[in-house]
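Biologist: I would like to go through this structure term by term. Please show it first.

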Amino acid sequence: MSIFEAGMMVCFGASWPIAAYKTYKAKCVNGKSFAFSCLILAGYICGIIHKLFFYRDWVIWLYLFNMLFLIIDMVLYCKYKSCK
């Protein structure tokens, strides 16, 4: 397990719930990019696949947690994109 990978995932993990909450409260997605979120999601999926097949450790839970909140933010984006 890399402490640096875990640190990165913790920082992202703190960011996505805040981003989803701000989108929910504002009900507007100005300045957000769905394509960027898709790229981040693809990165998380690649990280999870790596953890499953090559290096299983507890950091996979951070990937899953982050991915969950990213998906919530993406759903909110789709819901409020008409405000853009």
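What follows is a short exchange about the terms used for this model.

Modeller: This is a predicted model, where local features need pLDDT of at least 70, side-chain atom pairs count only at pLDDT 80 or more, and totals for chains, interfaces and linings use all residues. Residues are numbered from 1 along each chain as its sequence is written, and side-chain values use heavy atoms, with hydrogens and water left out.

Biologist: How many helices and strands are there in the protein chain?

Modeller: The protein chain has three helices and zero strands. Helices (H or I, at least four residues) and strands (E, at least two) are DSSP runs, numbered from the N terminus.

Biologist: Why is H1 called roughly parallel to H3?

Modeller: Their axes come within 9 Å and cross at roughly 25°. Angles under 35 degrees count as roughly parallel, over 145 as roughly antiparallel, 65 to 115 as roughly perpendicular and the rest as oblique. Therefore H1 is roughly parallel to H3. Axes are lines fitted to C-alpha atoms, for helices over the stretch in contact, and angles run from 0 to 180 degrees between N-to-C directions.

Biologist: What makes the contact of Glu 5 and Lys 51 a salt bridge?

Modeller: The N to O distance between their side chains is 2.9 Å. A salt bridge needs a side-chain nitrogen of Lys or Arg within 4 Å of a carboxyl oxygen of Asp or Glu. So the pair of Glu 5 and Lys 51 qualifies. Glu 5 lies in helix H1 and Lys 51 in helix H2, so the pair ties together parts that are 46 residues apart in sequence.

Biologist: Which residues are linked with Lys 51 in a network of salt bridges?

Modeller: Glu 5 and Asp 57 are linked with Lys 51 in that network. For Asp 57 and Lys 51, the closest N and O atoms are 3.2 Å apart.

Biologist: How do you know whether Lys 32 is buried, partly exposed or exposed?

Modeller: Lys 32 has 24% relative accessibility, so Lys 32 counts as partly exposed. Its salt-bridge partner is Asp 73. At 3%, Asp 73 counts as buried.

Biologist: What about Phe 54 and Arg 56: buried or exposed?

Modeller: Phe 54 has 66% relative accessibility and counts as exposed. Arg 56, at 69%, counts as exposed. Phe 54 lies in the loop between H2 and H3, and Arg 56 lies in the loop between H2 and H3 as well.

Technical notes: Buried means under 20% relative accessible area, exposed over 50%, partly exposed in between (1.4 Å probe, protein chains only).
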